[in-house]
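Hi everyone, thanks for coming.

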Amino acid sequence: MKLTVVGGGSTYTPELVDGIAGRRTSLAVDEIVLVDPDRQRLAVVGEFSQRLLRHAGHHAAVRTTTDLAEGVDGASAVLLQLRVGGQRARAQDETFPLACDCVGQETTGAGGLAKALRTVPVVLDIAEQVRRIAGEDTWIVNFTNPVGIVTRALLEAGHRAVGLCNVAITFQRWTSALLGVEPETVRLGHVGLNHLTWERGVFVDGVDRLPELLDRHGDALAGHIGLPADLMRRLGMVPSYYLKYFYDHDGVVAEQKTSPPRAEVVAAVEKELLDLYRDVEVVTKPEQLAQRGGAYYSEAAVQLVHALTGGAGAEQHVVNVRNGRTLPFLPEDAVIEVPASVSRQGASPLPVEPLPPSISGLISHVTAYEHLALDAAVRGGRDRVADALLAHPLVGQHAIADRLADELVARNRDFLPWAAR
């Protein structure tokens, strides 16, 4: 089995390789191909990934290439983990909205739209080459943010794709530790959109332990989520940590204005990681990788690829998938993040109990924004950018939307062919 990672020069990649090396599933990978335009990073990450596998006694070979066609030829699955524009573009995404007192974040608000505009055309081009070279049956697993918008772009273009985020598996690991149970025994009532999700239940052996978690471990959860325990108890749900950008927007903006952007922190961690990867004595995943973000990415990705390509039957995973009629208040072509039954045939969302207005309204609002964001990413145009921002619940004022649109286009002109005309 050949597994291809596009964006393989990322410091994330050894996290994925560690998941394969640990044999956390029966996924039988013979070859891992890392594709990236950055030859230097690719060489460092590729050599370390091979050392990691050899140390674990895994037989898979790691190859590196800057040629996408070579990388995807014969692949059983292709994982996308791109950052178009690198940490420099991310730093801009996290800072330019602050001048308008809007949150600066790489997947939410104006920063998230900037990333979508840079990323969607690149991903669609990659996917077309995967379809042409590897074949229409090749699975594309998208870990590239904003995952919901990028996955919707892939599905609307007819690609065999599933979106993946680590929020659900991270919450599963947190709560299983609090409850003193094995992570595999925990099933989540996870619902929403990518980076806009809530846990409505935490089931262990069919029993919902969420009330116990909120009662006994509310403060611990609050520390992870960044929102008050009393708010979660009142909601009867646990929002993801991305909901703080909505529920405490002004407080987050005030903090961001006095703190360095996350991109600077990540860039420093990446430099340290690359230095460690170059050290031939390092043969296991460094502890510093946990600071990079993407916790449990390896487990989620490897388990999902196993279900899509090698599983004996259907498995349950939280993924980004076409809505259909799962959430009846959304369009069928919306992409939602919910538990799904996953097999070689694909991912089918499992039934979801009706949602209360307290969250269905926000989900609908952000879904409308995502529709306009994708339209802007595919067709271009400054006014489409402004319209998407006007529809976003964290912007929503025409003067601010216009100002942010002009700033976004100016800062990303090199990545937007239509903006140069």
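Searching the whole structure turns up three cavities of 30 Å³ or more. A cavity here is a set of points on a 1 Å grid over the protein atoms alone, where a 1.4 Å probe fits but cannot get out. Grid points are joined across faces, edges and corners, and a volume is the space filled by probe spheres set on the points.

Before we go on, please keep in mind that this is a predicted model: local features need pLDDT of at least 70, side-chain atom pairs count only at pLDDT 80 or more, and totals for chains, interfaces and linings use all residues. Residues are numbered from 1 along each chain as its sequence is written, and side-chain values use heavy atoms, with hydrogens and water left out.

Back to the largest cavity, with a volume of about 140 Å³. It is lined by 14 residues, and Thr107, Thr108, Asn194, Val366 and Glu370 are the closest to its centre. To line it, a residue needs an atom within 4 Å of a point. Which helix gives the most to this lining? That is H14, with three residues. Helices (H or I, at least four residues) and strands (E, at least two) are DSSP runs, numbered from the N terminus. The lining divides into six nonpolar, seven polar and one charged. Ala, Val, Leu, Ile, Met, Phe, Trp, Tyr, Cys and Pro count as nonpolar, Asp, Glu, Lys and Arg as charged, and the others, Gly among them, as polar.

Let's stay with H14, residues 357-379, and bring in H15, residues 382-391. Their axes come within 8 Å and cross at roughly 170 degrees, which means H14 is roughly antiparallel to H15. Axes are lines fitted to C-alpha atoms, for helices over the stretch in contact, and angles run from 0 to 180 degrees between N-to-C directions; over 145 counts as roughly antiparallel. Contact means heavy atoms within 4.5 Å. Among the contact residues are His365 and Tyr369 of H14, and Arg384 and Val385 of H15.

Now for an open space. The second largest pocket has a volume of about 410 Å³. A pocket is an open set with protein on both sides within 12 Å along at least five of seven lines. Of its 18 lining residues, Gln172, Arg187, Gln303, Gln316 and His317 are the closest to its centre. This lining has ten nonpolar, four polar and four charged residues.

Next, a pair of strands. S12 (residues 335-343) and S13 (residues 346-349) run antiparallel, joined by four bridges, and a hairpin links them through two residues. Strands pair if DSSP finds at least two bridges between them. Serine 341 has serine 348 in S13 as its bridge partner.

Last, a backbone detail. The peptide bond from asparagine 145 to proline 146 is cis, with omega near -10 degrees, and proline 146 sits in the loop between S5 and H6.

Definitions and conventions:
Angles under 35 degrees count as roughly parallel, over 145 as roughly antiparallel, 65 to 115 as roughly perpendicular and the rest as oblique.
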